[in-house]
Every structure is written in C-alpha cells, then in structure tokens.
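Have the model open and follow along.

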Amino acid sequence: MNSGEITKTPFGATKEGKTADLFTLRHNGVEVRITNYGGIVTHWLTPDRRGQVGDVVLGYDTLDGYLKATPYFGCLVGRCGNRIAKAQFSLNGVTYRLAANNGPNSLHGGVRGFDKVLWEPKSSVTPGGPALELNYLSPDGEEGFPGNLKIKSVYTLTADGGLRLDFTATTDKDTVVNLTHHSYFNLAGHGDILGHTMQIRSEQITPVDATLIPTGKFQSVEGTPLDFRKPTVIGARIDENDEQLKFGAGYDHNWVANKPAGAPGLIARATERTSGRVLEVSSTQPGVQFYTGNFLDGTITGKNGWVYQRRHGFCLEPQHFPDSINQPNFPSVVLKPGQTYRHTIIYRVSVEK
Ligand code: GLA
C-alpha cells in the first residue's frame, strides 16, 4: 500500500533566531506543506477536474511573509480561538486580563498566540498517511491564561485527499482551551470567492453585536442571508441589508453545528464550478466560524505574486462558540487537570466531474 511520504527543509529563522522547518506531505497526487512555526499550512496542491494541479490556500512562500504580516493565514489558533469580550474572564473567582488585540476584545489567543510560536515537530509515515506531530507547552500565564497547557496536534494527509487534524491538550490548572485551524481557502486558486457555493449543516447562528461578541442568544437562519442549509453561492446575499452581515462586513459568524457531539461529522461543503473542486469539512466541535475574508484589503501580496483583495479567501474554523467563557448558555471551554481536550477536524478536497 502507498502511504505517502514526508520530507523536511529549512524555512527560515524566527524573530528569536530559531530555525523553522517546512514539512512537505505527499499522498496520492496531493501535496500539503506545513511549517512548525504556528503550525501553518502554507501550500495545498491538489488537482482540478482536468488534472491541473493548483494551490487552494492563501499564504506566503517564505517564513518572512508570515513574520511580517498575516491575517492568521493557515495557522493553528489558540489557546482560545475567536473573541473573548473585553479581553477578560473569570474562572474560580479569579479575574484574568488578556491583551485587547481586536478593539476592546481579545482575539485568537492574544498578541503571541499559538500561531506565532515554534512547535516541536516529529514526522512519520503512518498507515493512515504521512503525519506531522507538533508539540507545544504553553507556560502558566502565557498571554494571561492560567495553567501550563501541553498541546499536541497531529496533521495527517490521508489517501482520499483529506487533511486530518487531531488536537489533544492537558493542563495542570483550570484553564480555557478552544483550538482551531485558520486556512483561507480558494478552490479556484485565486480571485474572489464570491462565486463559490457553500453549504453549512446548521439551523442557527449565535448572533453578534457590533464588536462581533455574541449576544448570548441563538438565531434561526430561516429567511435570512445566513441560511446555507441548501448549497448557495457565497456572493448571492453577502451585501444584503442585514444587521448581522453589517456587523461582520460580510460573513464572519458562528454557525451551530447540526450534529451530535463526539465523532467527526460533516458540517460544511464548498464547491467551485470552474475547477470542479469540492471542500468538505468535518469536526467534533459544536460550532463553525465561517469567515469570508472581509478584512483582506489588497495590502498583502502572497504566493505567486497574488494580491489578496477583500474576499479572496474563506475560512471554515470548527471550534466552540466565540466568547464561551463569558457566556453561561454556551458549551463550556474550561479544561481541568486530569481531563484531556480532544478535537478533530478533517478538511477534504476532491473533484466533481
Ligand atoms: C476570524 C474572526 C474574524 C477575523 C479573522 C482573521 O475568522 O472571526 O473576525 O479576525 O479570524 O482576520
């Protein structure tokens, strides 16, 4: 059986002068490159329906690009993905203050989140495919969060074109954990993603206020431009006069996954007509943030000299709901000593003939 291969090359030096590596995973004609800096997926090369290989994620060719400016391209997000209101929370009667790096709120783990640290890599070829294991010990107090948190994330490129991410984490003090992955996909390679079709298996979103913090309520998607229960072109309703779309400057919301907790279940499916490519996203988490790259503004030139304009990529970030630690109605993101946080995401790219 062909289980693929994994190779390693130096990718450059971090700000602290440490060497980051770039790992290339190949399996059945698909190639994914991942660096242990931020756990970033830098390239994802996969054939279209004519067999032409193209790159379906946004990013840079060099580490330097990621060090200078990145809107979280392809990275591993943590310790707490998405926003924490007013950059603070209390746990066991103690108030923890975080850096406000997104207006008044904390976003994606703070100033130096898991997307900006060097992970300890271990590569292997497993029966499931080439695999990259990344380990990181986030010290007690890092970015204001309590507890030494030990995280392992394993990326496996499976035979069917899937990139499987298995996260586990343990702590020595009660803490908050909400990990996710932040690839910007463009199934056509480049240009805007407004012509892609999206389907999200969800009946409800968690509506937000003007700073993108959930109100704590649940809102049915029925009759709104956020209804993706049937495959719908992303651009068809994105600029409609809808309060939620105005707050997000487009889609930037959490959909409540319509699946039982536990085993990974399909939550979203995107297709692109000209390439014939299909992206399916499965996860074990209760929600998925669908973000349409509304904040990209043409100031970044990435791989192949492509200028990333507004809405040139979309993210599907399976995770717990935003600001869960401050929201009594939402599933808990608290991890206690003795417990193991587990989260699996599978992104699979295939072609429709
Ligand atoms: C998430 C957030 C967005 C934005 C992007 C990164 O999707 O919800 O508001 O911060 O990450 O730019």
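Tyr60 and Tyr66 are both buried, where buried means under 20% relative accessible area, exposed over 50% and partly exposed in between (1.4 Å probe, protein chains only). This is a predicted model, so local features need pLDDT of at least 70 and side-chain atom pairs count only at pLDDT 80 or more, while totals for chains, interfaces and linings use all residues. Residues are numbered from 1 along each chain as its sequence is written, and side-chain values use heavy atoms, with hydrogens and water left out.

**Aromatic pairs**

- Rings of Phe, Tyr and Trp (its six-membered ring) pair if their centres lie within 6.5 Å; planes under 30 degrees apart are stacked, over 60 edge-to-face, and the rest tilted.
- The count by this rule is 24 aromatic pairs.
- One of them joins Tyr60 and Tyr66 edge-to-face, at 5.1 Å centre to centre with 85° between the planes.
- Phe114 and Trp119 also pair edge-to-face, with 5.8 Å centre to centre and 85° between the planes; both residues are buried.
- Ring pairs also tie Trp44, Phe185, Phe228, Tyr251, Trp255, Phe290, Phe314 and Tyr347 into a cluster.
- Arg237 lies over the face of Phe228, 4.8 Å from the ring centre; the cut-offs for a charge over a ring are NZ of Lys or CZ of Arg within 6 Å of the centre and within 35 degrees of the ring normal.

**Nonpolar cores**

- A nonpolar core here is a set of buried Ala, Val, Leu, Ile, Met, Phe, Trp, Tyr and Cys residues joined through side-chain atoms within 4.5 Å.
- The largest one has 56 residues, and Trp44, Met198, Trp255, Leu279, Phe290 and Phe314 touch the most other members.
- A second, separate core has 21 residues, including Ile40, Cys75, Tyr184 and Leu296.
- Leaving aside neighbours within four places in sequence, Trp44 has contacts (heavy atoms within 4.5 Å) that include Val32, Asp55, Leu163, Phe185 and Tyr347.

- Most residues other than glycine have a negative phi, and most peptide bonds are trans.
- His108, not a glycine, has a positive phi of about 50°, and is buried at a relative accessible area of 5%.
- Asp323 has a positive phi too, near 55°, and counts as buried at 4% relative accessibility.
- Asp323 is in the loop between β27 (315–319) and β28 (334–335); helices (H or I, at least four residues) and strands (E, at least two) are DSSP runs numbered from the N terminus.
- The peptide bond from Gly78 to Arg79 is cis, with omega near 0°, and Arg79 is in the loop between β6 (76–77) and β7 (83–84).
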